[in-house]
Amino acid sequence: YLLQWFAHTVLRPDKTNGIVITIKGIEGIGKQGFLSQVIGNKLMGSKYYMETADPKNDIFGSFNSQIENKILINFDESKGEDMKEFHDRLKNFVTNPKRNINKKNIAQYEVEQNYNFICTTNNELPFKISEHNRRIAIFESTRLGNKRPPPEYFRKLATALDDPLTILALFVHLQRIYDPEFNFIEIPRTDIYVRSEEADANPIY
């Protein structure tokens, strides 16, 4: 599911897949580095990628010129209270391509842009998922028992990702596996998805 989501985002920037991806994992496990260094800056380019730890101001604030031309936006270390506040507005972003851009001292204007959002967090329940959810998918990194990989792992990974052939291989792989008919609405019921769904159903949680 995740590979299809990334493939669609990279290969079909003209068409949103309509799903907000959330990846939960302990701090320092590498989720942010893969997004920013590989998918964001190397596969898509910094012109089309943005990350923010302050979506309240950068995305939903009065002045939002930073989001213009962006295809993939990452909410880094998303807090549960922030996601709850922006839940409905996020869904509107991924389903409605029309957006008003407001720059300082310039008249507001409308653009048509397909946005894709991915949230990275170490919070247990970044979203509460209703039984009718069709827009949010949640995954959890549990590599090595949810422990941070050793330094040698990151050194080898950094060396590999600095090689243009590695990035080319990833791009070719996404091209090969991409299914234009993939149904993103069939969201996987991962363990953390189920926990989030139960939290929405149980007010005592």
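# Burial, core and helix packing

Me: Where is the place of Leu35?
Reply: In this predicted model, Leu35 has its place in helix α2.

Me: Why does Leu35 count as buried?
Reply: The cut-off for buried is under 20% relative accessible area. Leu35 has 1% relative accessibility, so it counts as buried.

Me: What is Leu35 in contact with, leaving aside its neighbours within four places in sequence?
Reply: The partners are Phe6, Gly40, Tyr49, Asn74, Ile118 and Thr120. As for distance, Leu35 and Asp76 lie 41 residues apart in sequence, with 10.0 Å from C-alpha to C-alpha.

Me: Which strand holds Met50, and what makes Met50 buried?
Reply: Met50 sits in strand β2, residues 49-52. Its relative accessible area is 7%, and buried requires under 20%, so Met50 is buried.

Me: Which residues does Met50 contact beyond four places in sequence?
Reply: Met50 is in contact with Asp58, Ile59, Gln66, Ile67, Lys70, Leu72, Ile73 and Asn74. Gly40, 10 residues away along the chain, has its C-alpha atom 7.6 Å from that of Met50.

Me: How do you know whether Ile73 is buried or exposed?
Reply: Buried means under 20% relative accessible area and exposed means over 50%. The relative accessible area of Ile73 is 0%, so Ile73 is buried. Ile73 belongs to strand β3, residues 72-76.

Me: What does Ile73 touch, not counting residues up to four places away in sequence?
Reply: Ile73 touches Met50, Ile59, Ile67, Tyr115, Asn116, Phe117 and Ile118. For Ile59, the C-alpha to C-alpha distance from Ile73 is 9.3 Å, and the two are 14 residues apart in sequence.

Me: How many residues are in the largest nonpolar core, and which have the most contacts inside it?
Reply: The core has 47 residues, and Ile21, Ile59 and Phe117 have the most contacts inside it. Helix α2, residues 31-44, gives the most to this core, with five residues.

Me: Why is α1 called roughly perpendicular to α6?
Reply: The axes of helix α1 (residues 2-11) and helix α6 (residues 164-177) come within 9 Å and cross at roughly 105°. Angles of 65 to 115 degrees count as roughly perpendicular, so α1 is roughly perpendicular to α6.

Me: Which residues make this contact of α1 with α6?
Reply: Leu3, Gln4, Ala7, Val10 and Leu11 come from α1, and Phe171, His173, Leu174, Gln175 and Ile177 come from α6. By class, there are seven nonpolar, three polar and no charged residues.

Me: What makes α1 largely enclosed by the rest of the structure?
Reply: Seven of the 10 residues of α1 are buried, so the helix is largely enclosed. The buried residues are Gln4, Trp5, Phe6, Ala7, His8, Thr9 and Val10.

Me: How many helices and strands does the protein chain have?
Reply: The protein chain has seven helices and seven strands. Along the sequence, the pattern reads α-β-α-β-α-β-α-β-β-β-β-α-α-α.

Me: What share of the contacts with a separation of 6 or more joins residues 24 or more positions apart?
Reply: Such residues account for 73% of those contacts in the protein chain.

Definitions and conventions. Residues numbered from 1 in each chain as written. Predicted model: local features only at pLDDT ≥ 70, side-chain atom pairs only at ≥ 80, totals over all residues. Heavy atoms only, no water. Core = buried A, V, L, I, M, F, W, Y, C linked by side-chain atoms within 4.5 Å. Buried < 20%, exposed > 50% of the residue type's maximum accessible area, 1.4 Å probe, protein only. Helix = DSSP H or I, 4+ residues; strand = E, 2+ residues; numbered from the N terminus. Contact = heavy atoms within 4.5 Å. Axes fitted to C-alpha atoms, helices over the stretch in contact; angles between N-to-C directions. Parallel < 35°, antiparallel > 145°, perpendicular 65-115°, else oblique. Nonpolar A, V, L, I, M, F, W, Y, C, P; charged D, E, K, R; others polar.
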